[in-house]
Amino acid sequence: EMEVLFAVLIGALTAAGVYLCCLRQVFPVVLGLSLLSYATNLFVFVAGRLTLGAPPIWEEGVTRFADPLPQALVLTAIVISFGMTALLVVLAIRARFEAGEERSDVPAVTERPEVER
């Protein structure tokens, strides 16, 4: 039953992320990439088996323990995705001020007016 809940949650996060990435504005795309990152992290975490209440470290006498590798991978991925999201937000803000437009399908102005000498 818990696996079904996680599968539905991963599917919903992925669907929302793909939908937001298909929009033509910059900030929803950044949000969509974040949702896709969350879905991937949850998928990797769940792929390491669901052992609720089990310690992540094997000790003497413990017969059931959680796999620490997916936990370490997800923790690393969270840090990397936070940094990438911050970078994308800064680039989106810079592009907004440079182009004066938030939509990603509008061509940027590449020609500058010539200055008379």
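Biologist: What am I looking at, and how are residues numbered?

Modeller: This is a predicted model, with residues numbered from 1 along each chain as its sequence is written. Local features need pLDDT of at least 70, side-chain atom pairs count only at pLDDT 80 or more, totals for chains, interfaces and linings use all residues, and side-chain values use heavy atoms, with hydrogens and water left out.

Biologist: What does the chain average in pLDDT?

Modeller: The average is 83. pLDDT is the predictor's confidence in each residue, from 0 to 100. 79% of the residues score at least 70. Where pLDDT is low, the predicted coordinates should not be read in detail.

Biologist: And which elements have the lowest and highest mean pLDDT?

Modeller: Helix α3, residues 68-99, has the lowest mean, at 88. α1 has the highest, at 94.

Biologist: How many helices and strands are there?

Modeller: There are 3 helices and 0 strands. The order from the N terminus is α-α-α. Helices (H or I, at least four residues) and strands (E, at least two) are DSSP runs, numbered from the N terminus.

Biologist: What span do α2 and α3 reach?

Modeller: α2 has 22 residues and reaches 32 Å from first C-alpha to last, close to the expected 32 Å. α3 has 32 residues and reaches 46 Å, close to the expected 46 Å. The expected span is 1.5 Å times one less than the number of residues.

Biologist: Now the core. Which residues make up the largest nonpolar one?

Modeller: It has 8 residues: F6, I10, L13, L20, L35, A39, L42 and V46. A nonpolar core is a set of buried Ala, Val, Leu, Ile, Met, Phe, Trp, Tyr and Cys residues joined through side-chain atoms within 4.5 Å. Buried means under 20% relative accessible area, exposed over 50%, partly exposed in between (1.4 Å probe, protein chains only).

Biologist: What does L13 contact?

Modeller: Leaving aside neighbours within four places in sequence, L13 is in contact with L35, Y38, A39 and L42. Contact means heavy atoms within 4.5 Å.

Biologist: And L20: buried or exposed?

Modeller: L20 is buried, with a relative accessible area of 17%. Its place is in helix α1. With neighbours within four places left aside, L20 contacts P28, V29, L31, G32 and L35.

Biologist: Switching topic. At what angle do α2 and α3 pack?

Modeller: About 175 degrees, with their axes 10 Å apart. Axes are lines fitted to C-alpha atoms, for helices over the stretch in contact, and angles run from 0 to 180 degrees between N-to-C directions. α2 and α3 are therefore roughly antiparallel to each other. The contact includes V26, F27 and V30 of α2, and P70, Q71 and L73 of α3. On the cut-offs, under 35 degrees counts as roughly parallel, over 145 as roughly antiparallel, 65 to 115 as roughly perpendicular and the rest as oblique.

Biologist: What about L73 itself? How accessible is L73?

Modeller: L73 counts as partly exposed, at 47% relative accessibility. L73 is found in helix α3. Its C-alpha lies 7.9 Å from that of V44, 29 residues away along the chain.

Biologist: And S34, buried or exposed?

Modeller: S34 is buried, at 13% relative accessible area. S34 is in helix α2. The C-alpha atoms of S34 and M84 are separated by 9.2 Å, though the two are 50 residues apart along the chain.

Biologist: Which residues of α3 are buried?

Modeller: They are P70, V74, S81 and A92. What covers them includes α2. For α2, the cover of its buried residues includes α1 and α3.

Biologist: Last one. What share of the chain is buried?

Modeller: Buried residues make up 19% of the 117 residues.
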